[in-house]
Amino acid sequence: MTRDVHVIEQESYAILRAQLTARYPAADAWPPLARAVLERVVHASADLDYAEDLVLPEEAVLAEAVDAVRGGAAIVADVAMVAAGITRRRAVCRITDPAAAQLASAAGVTRSAAAMRLAAREAGPGAVYVVGCAPTALFELVERAGEYRPLLVIGLPVGFVGAVESKAALRAHAGLSSRAISNRGGKGGSAVAAAAFNALLYFEADAVGGIGEFGAAAPLSASANETKVGQR
């Protein structure tokens, strides 16, 4: 997938890279895909401190997700804003579906959790999940992980109620912890979650388009364990 990168965006990435290097020099050693996710998240939020807050999986897991997305893997979003932020790919999002409200009432769960349940069943196993708003949607995904069987979970909901706890539950889950992008604090949000996904979607295109020395021109690391800042 190719894209044109505006000169303003190129300048923005140059600035954020210089600032990342100055504040978090260890992040310069992050492997290419992990670095791409970090840069996209920082670019979307103007928050350099994600360099010590993000928790990322092995580089091989991210590479597997890139291949899956290119191969047409389903994408599930918790809310419409996340779905809108995922560019050039349709995301399954059932938050506005009247069936979600009906299921929420019948099952005694939030509408976000019900929408996640419906979307997961539509998407099937092997989907990439992007959660940027609703902690209850992430809890739903964690609790039913054996049924939904996600390939990758981007869990970055924002807020003061349940956001930190849902992300901690994601990282504590035996089957999901190695396939999750999250952060430790309460910050996050739709734009940040969509940005993390778009980093994978546009990995090679960013390198070709001119915003990345950390794009596909660099060899993939066998493991992200070499990355110390912000990762497991």
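User: What makes the largest nonpolar core one unit, and which residues have the most contacts inside it?
Analyst: The largest nonpolar core has 48 residues, and L38, V130, I154 and F197 have the most contacts inside it. A nonpolar core is a set of buried Ala, Val, Leu, Ile, Met, Phe, Trp, Tyr and Cys residues joined through side-chain atoms within 4.5 Å. Helix α11 (residues 190-201) gives the most to this core, eight residues. Apart from this core lies another, of 20 residues, including A127, Y129, V153 and L170. The model is predicted, residues are numbered from 1 along each chain as its sequence is written, and local features need pLDDT of at least 70, with side-chain atom pairs counted only at pLDDT 80 or more, while totals for chains, interfaces and linings use all residues. Side-chain values use heavy atoms, without hydrogens or water.

User: Which residues does V130 touch, not counting residues up to four places away in sequence?
Analyst: With those neighbors left out, V130 touches I75, V76, A77, D78, V82, I86, I154, A193, A194 and F197. A contact here means heavy atoms within 4.5 Å.

User: How do you know whether helix α7 is enclosed or open?
Analyst: Of its 13 residues, 10 are buried, so α7 is largely enclosed by the rest of the structure. Buried means under 20% relative accessible area, exposed over 50%, and partly exposed in between (1.4 Å probe, protein chains only). The buried residues are S112, A113, A114, A115, M116, R117, L118, A119, A120 and A123. They pack against β2 (75-77), α6 (98-107), β3 (128-131), α8 (135-143) and α9 (145-148).

User: Why is S112 called buried?
Analyst: S112 has 16% relative accessibility, so it counts as buried. This residue of helix α7 touches I95, A134, T136 and A137, leaving aside residues up to four places away in sequence.

User: How does the reach of α7 stand against the expected value?
Analyst: Helix α7 (residues 111-123) reaches 18 Å from its first C-alpha to its last, close to the 18 Å expected at 1.5 Å a residue. The expected span is 1.5 Å times one less than the number of residues. Helices (H or I, at least four residues) and strands (E, at least two) are DSSP runs, numbered from the N terminus. After α7 comes G124, with a positive phi near 80°.

User: Is A46 buried or exposed, and how do you know?
Analyst: A46 has 71% relative accessibility, so it counts as exposed. It is found in the loop between α2 and α3, and its phi is near 55°, a positive value in a residue other than glycine.

User: What makes R88 count as buried or exposed?
Analyst: R88 has 53% relative accessibility, so it counts as exposed. R88 lies in the loop between α5 (80-85) and α6. Its phi is positive, about 65°, although R88 is not a glycine.

User: Why is E52 placed in its accessibility class?
Analyst: At 47% relative accessibility, E52 counts as partly exposed. E52 belongs to helix α3 (residues 50-53). Its C-alpha is separated by 9.1 Å from that of R184, 132 residues apart along the chain.
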